[in-house]
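The following note sets out points for discussion on the two-chain structure shown below. Please read each point with the coordinates at hand.

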Amino acid sequence: MLEFCDIHVIQGDFHLTADFAVLAGRRVAVIGPSGSGKSTLLSLVSGFLRPDRGQIRWEGRDLAPLSPGQRPVSVLFQDQNLFPHLSVAQNIGLGLRPDLRLSSDQRDQVTHALARVGLADMGDRRPAQLSGGQQSRVALARVLLRARPILLLDEPFSALGPALKDEMLDLLAEITGQTGATVLMVTHDPDDARRFAPDTIVIHDGRADPPTATGPLLDNPPPGLRAYLGG
Amino acid sequence: MAGGVLAVRPGARSGWGGAATAALLAALILGTLAAVAVYAGGLSGLGPWDWRAVWFTIWQAALSASLSAALAVPVAKALARRDFPGRAVLVTLLGAPFILPVIVAIMGLVSVFGRNGVINGALTALGLPEISIYGWQGVILAHVFFNLPLSVRLILQGWQAIPAERFRLAESLGFAPGDIARHLERPMLRAVLPGVWLAVFLVCLTSFAVALALGGGPKATTVELAIYQAFRFDFDMGRAATLGLVQVGLCLAAMAIASRVTIPSAFGAGMDGAVALRGPGGWRRVGDAAAILLAAGFLLWPMLSVIVAGLPRIAGLEASVWDAAMRSVVMALVSAFAALVLGLVLALAIARGAGRWVEAAGMLPLIASPLVLGTGLYLILRIWVTPQQIALPVTVAINAIMALPFVLRALIPAARAMQDDFGRLAASLDLNGWPLLRYLVLPRLARPLGFAGGLAAALAMGDLGVITLFASDQPTLPLKLYQLMNAYRMGDAAACAVLLMAISFALFWVFDKGGRLRA
């Protein structure tokens, strides 16, 4: 269980509170207007931001003492998920060992992960030689290999076209189904939420609401969310 | 929100290295200055000779800056509006004096403007009186030689920063050249020239090697040269220290003025943009051609004259010159390496949001001139060591410190960009220590590291500064060249100058190229 215990973040005019839990293994969309604090909520879990008050707990343990790399978390950012100067295989291998001294067993794991996302034999290429969709697949392969129990997605596929995005979301659902990861995904698109996330957290007016079932929420949105969704 | 999110970085263990390095650097420089201050006898210890040095330092720097800036305007204007074969090469060459060893340039100037030079030969043939390169006029000439190209580059940047659309608009409105000057060019010059003037003024304020070789005497001694004379000839450490404080005061005052003016960066990228417009014809065409030819001649002639005289004699150079060359190369490499390590640690800390004082520590070398630091270090260490013993280590250390501001200027923007683009990804993958250096920092910063290393190595290679305080039995190559010149062995000196110039440029080229290969 991922718990947001009495969280307060204050930065100048900006304010965010959160007090709820996400059940382990759930896939949750995070929706709200720009600047409402969607990325902030994810940063609290990934460790790039400390709350001014409250605790983030995973399985009952406070995450505060852990640096971003030590947390049980994988992150897919909006962009810059790959190092452009390293090969595809190296980018994936970093998820296993940051010093890249991989055993032959680990190298096999990298090969398998690549095959799993449909990029067999592309290990030697540089990210720039791949299409946007293929780059996303590389990042997903690393998520698969790291197999951290929490996965945070900050609009990672927003640069892809609709068909490609749906393809990625399906692949992502497959992979997280396999690893059993708890997923928080920031998105602007209600269709993404419907497609991928049974639950949704709405952020509005400085508050992150507890997760509720996505379908009913979007079918009958509360006033704040209705204004944002437009219609 | 992104900015706020990045501002807090729990578990940033790396902050300590930067703070420790900055503290060490500050302690070294400020400690050295403190030793100088403790030893200084108060301003009453300075005689009229010393005050004349202070006065000369200020006015020669002011005159050098004024001449460089004024002469640079027509040259930059001509380069901005004319295209010709070799233009790109010439613009690149304008950057060369930055890493050209000072003593080599002096050698070149002497061979053109000296007693046996071409200019005086022509004057004598015409029955006119000879000119002398020794004295204040020689100091100014050398300073203009170094800083005119620098100024041209800076002003040319200003010209190229005027959007081409403005020139097109001016053309469509039927502006005459005079109108263009009034509405486009003069406002740009008013914005750019103060910074250019000040940049040259600052460089000339700590001039040592030029004054050592061409100046001297009551009318052409800078404060740096006076420190050298007090230290070396009179061994009057009190006076050397007092003069050192005066020099620091001059630098501080100039920096205080500089903080109110934007000083453009001397080594800008994208210096070779397309020519913005068709230049006007008629006499202006002739004038532009003359400006470019005169500037190119002034820059290239002394160098060519040294090369022609020296190149055939290199093979015949004595063993001690080659020893000095080897010694200098090793020292330059150690210096460059030290400057890069210091600079990298500081730049990474600054990119991660270290305090402003860390950045300030990296810029401290700007207030301490090499001779002041050398004097201070000797004052601290002299209980244990002789001047001969510390000559080489102190020279290496001071050259590394002096290169640091340039290294930081190259590294900080690149380190910031790297941190913005990949800092969070690296942190989320737990990249730290050696893996972080190897798989992120070195590949991403290879280019600025190569460029900065090249600058540091070339500057250290050509430096004729603090070494003169201490040693003569283990000379560096620039010192060896100076000794040959003083012994009037001009043929060997020319050959030595070619060697020194070649090694300096080669060091820069190898580093810079190396950085580009990895990127």
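The model under review is predicted.

1. Two loop residues of chain B deserve a look at their backbone. Y488(B) is located in the loop that separates α21 (477-486) from α22 (490-518) of chain B. Its phi is near 55°, a positive value although the residue is not glycine. Is Y488(B) buried or exposed? Y488(B) has 9 C-beta neighbours inside 10 Å and therefore counts as exposed, the cut-off for that class being 12 or fewer.

2. Because F235(B) has 10 C-beta neighbours inside 10 Å, it counts as exposed.

3. Helix α12 (residues 237-258) of chain B packs with helix α9 (residues 177-205) of chain B: their axes come within 10 Å and cross at roughly 170°. The two helices are therefore roughly antiparallel, since an angle over 145 degrees is assigned to that class. On the α9(B) side the contact is made by L198(B), F201(B), L202(B) and L205(B). On the α12(B) side the residues are L250(B), C251(B), A254(B), I257(B) and A258(B). By class, this contact has nine nonpolar residues, with no polar and no charged ones.

4. How many of the residues of α5(B) are buried? The count is 12 of the 12, so the helix is largely enclosed by the rest of the structure. Among the buried residues are V102(B), G108(B), S111(B) and F113(B).

5. At the level of the whole chain, chain B has 22 helices and zero strands. Its radius of gyration is 24 Å, close to the 24 Å given by the globule rule for 519 residues, so chain B is as compact as a globular protein of that length. Along the principal axes, its C-alpha atoms fill a box of roughly 75 × 70 × 50 Å. Buried residues make up 46% of the 519. Of the contacts in chain B between residues at least 6 apart in sequence, 85% join residues at least 24 apart.

6. What radius of gyration would a compact globule of 231 residues have? The value would be near 17 Å, and the 18 Å of chain A agrees with it. The box filled by the C-alpha atoms of chain A is roughly 50 × 40 × 30 Å along the principal axes. In chain A, 43% of the 231 residues count as buried. Contacts that join residues at least 24 apart form 66% of those between residues at least 6 apart in sequence.

7. The contact between the chains takes 25 residues from chain B and 28 residues from chain A. On the chain B side, the elements that give two or more residues are α1 (2-7), α17 (387-428) and α18 (433-444). By class, that side has 16 nonpolar, four polar and five charged residues.

Note on methods: Residues are numbered from 1 along each chain as its sequence is written. Chains are lettered from A and ligands numbered from 1 in the order in which they are written. This is a predicted model: local features need pLDDT of at least 70, side-chain atom pairs count only at pLDDT 80 or more; totals for chains, interfaces and linings use all residues. Axes are lines fitted to C-alpha atoms, for helices over the stretch in contact, and angles run from 0 to 180 degrees between N-to-C directions. Helices (H or I, at least four residues) and strands (E, at least two) are DSSP runs, numbered from the N terminus. Angles under 35 degrees count as roughly parallel, over 145 as roughly antiparallel, 65 to 115 as roughly perpendicular and the rest as oblique. Two residues are in contact if their C-beta atoms, placed from the backbone, lie within 7 Å. Ala, Val, Leu, Ile, Met, Phe, Trp, Tyr, Cys and Pro count as nonpolar, Asp, Glu, Lys and Arg as charged, and the others, Gly among them, as polar. The radius of gyration is taken over C-alpha atoms; the globule rule is 2.2 Å times the number of residues to the power 0.38. A residue is buried if 20 or more other C-beta atoms lie within 10 Å of its own, exposed if 12 or fewer, and partly exposed in between; C-beta atoms are placed from the backbone.
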